[in-house]
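Biologist: Let us go through this one feature by feature. Give me the general idea each time, then the case at hand.

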Amino acid sequence: MIRIRRKYEKKHIAWKVSDTPLEKYAEPFPQEFSGYLNDRLADSRKSMIRHRLLDVGVGTGNQWINFLNKNPDMEFNGTALAKTMLHPEIKQKIKITTAANLHNHFEPNTFDTIVSHYGTHGQELEALEDIIYLLKPGGEAVVTGISHNLFEKKLLLNAKKANQNIFDIIHHKNIIDRIKGESKWCYHIRKAS
Ligand SMILES: C[S@@+](CC[C@H](N)C(=O)[O-])C[C@H]1O[C@@H](n2cnc3c(N)ncnc32)[C@H](O)[C@@H]1O
């Protein structure tokens, strides 16, 4: 794992960040991200529901600490590949799993919101499938990633075509850096009610 990380981290942003501030979590998301989360929480409070959120690939989790302290009524869950670098305050809330294996760790139709910022690397399609499986009907996910080929967009849009009535893409943006040969993408999706 460390060798793979060393190999990629010089050129690949997906290995460089581990506690991105929440404000920047979903760029190129069209809205300020923590504002979006606050709106989601406010909606749950109106319906007297305890908001359940999952972050796939938390990194250290440091980025969540202030937000969780301000919103103690939210249920936070996360995933990581190892417990070693996790912030002690969230360690107990983290399941060790790959992004393609979420369905073996969480019940279907569980989460109001699922987010992932560079946390589905190499498993984007499987992760998207699992994320939809785990969302409550009407739940939303914001998934951001980066790829060295430009096929991600087509693959994810094809997934949408194959699952027409299961989820809607509320917003999708793909920023292509042709010089680096990278594309940074963000999907905002909603599971059908
Ligand atoms: C680049 S870090 C990003 C951490 C944090 N989300 C952030 O934006 O700062 C990616 C994290 O997701 C995990 N990750 C990346 N791809 C993954 C995958 N396919 N399955 C499980 N975890 C993955 C890595 O182990 C790491 O903790």
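Biologist: How much of the contact set in the chain, at a separation of 6 or more, comes from residues 24 or more positions apart?

Modeller: Two residues are in contact if their C-beta atoms, placed from the backbone, lie within 7 Å. In this chain, residues 24 or more positions apart account for 64% of the contacts with a separation of 6 or more. Keep in mind that this is a predicted model: local features need pLDDT of at least 70, side-chain atom pairs count only at pLDDT 80 or more, and totals for chains, interfaces and linings use all residues. Residues are numbered from 1 along each chain as its sequence is written.

Biologist: How many helices and strands does the chain have?

Modeller: Helices (H or I, at least four residues) and strands (E, at least two) are DSSP runs, numbered from the N terminus. Here there are five helices and seven strands. Their order from the N terminus is α-α-β-α-β-β-β-α-β-α-β-β.

Biologist: Which strands pair with β2, and in what sense?

Modeller: Strands pair if DSSP finds at least two bridges between them. β1 and β2 run parallel, joined by five bridges. Asp55 stands opposite Gly78 in β2. β2 also pairs with β3, in the parallel sense, over three bridges. There, Thr79 faces Lys95 in β3.

Biologist: What is the hand of the β-α-β unit from β1 to β2?

Modeller: Point the strands away from you. A crossover is right-handed if the path from the first strand over the helix to the second then runs clockwise. β1, helix α3 (residues 65-70) and β2 make a right-handed unit.

Biologist: Why is β2 called largely enclosed?

Modeller: Burial is a neighbour count. A residue is buried if 20 or more other C-beta atoms lie within 10 Å of its own, exposed if 12 or fewer, and partly exposed in between; C-beta atoms are placed from the backbone. Five of the six residues of β2 are buried, so the rest of the structure largely encloses it. Over the chain of 193 residues, 34% count as buried.

Biologist: And Ala82, buried or exposed?

Modeller: Exposed, because Ala82 has 9 other C-beta atoms within 10 Å. Ala82 sits in the loop between β2 and β3. Ala82 and Thr97 are 15 residues apart in sequence, and 8.4 Å apart in space, C-alpha to C-alpha.

Biologist: Which residues have the most contacts inside the largest nonpolar core?

Modeller: In soluble globular proteins, nonpolar side chains tend to be buried together. A nonpolar core is a set of buried Ala, Val, Leu, Ile, Met, Phe, Trp, Tyr and Cys residues joined through C-beta atoms within 7 Å. The largest core here has 36 residues, and those with the most contacts inside it are Ile114, Ile131, Leu134, Leu135 and Ala141. α2 (33-46), β1 (52-56), β2 (75-80), β4 (111-117), α4 (124-134), β5 (135-147) and β7 (182-191) each supply at least two of its residues. The largest share, five residues, comes from α4.

Biologist: What does Leu134 contact?

Modeller: Set aside neighbours within four places in sequence. Leu134 is then in contact with Leu54, Leu102, Phe106, Pro108, Thr110, Phe111 and Ile114. Phe111 lies in strand β4. Phe111 counts as buried because it has 23 C-beta neighbours inside 10 Å.

Biologist: Which residues other than glycine have a positive phi?

Modeller: Asn109 is one, with phi of about 55°. Tyr118 is another, with phi near 60°. Asn109 lies in the loop between β3 (94-96) and β4, Tyr118 in the loop between β4 and α4. Asn109 counts as exposed, with 12 C-beta neighbours inside 10 Å. Tyr118 counts as buried, with 22.
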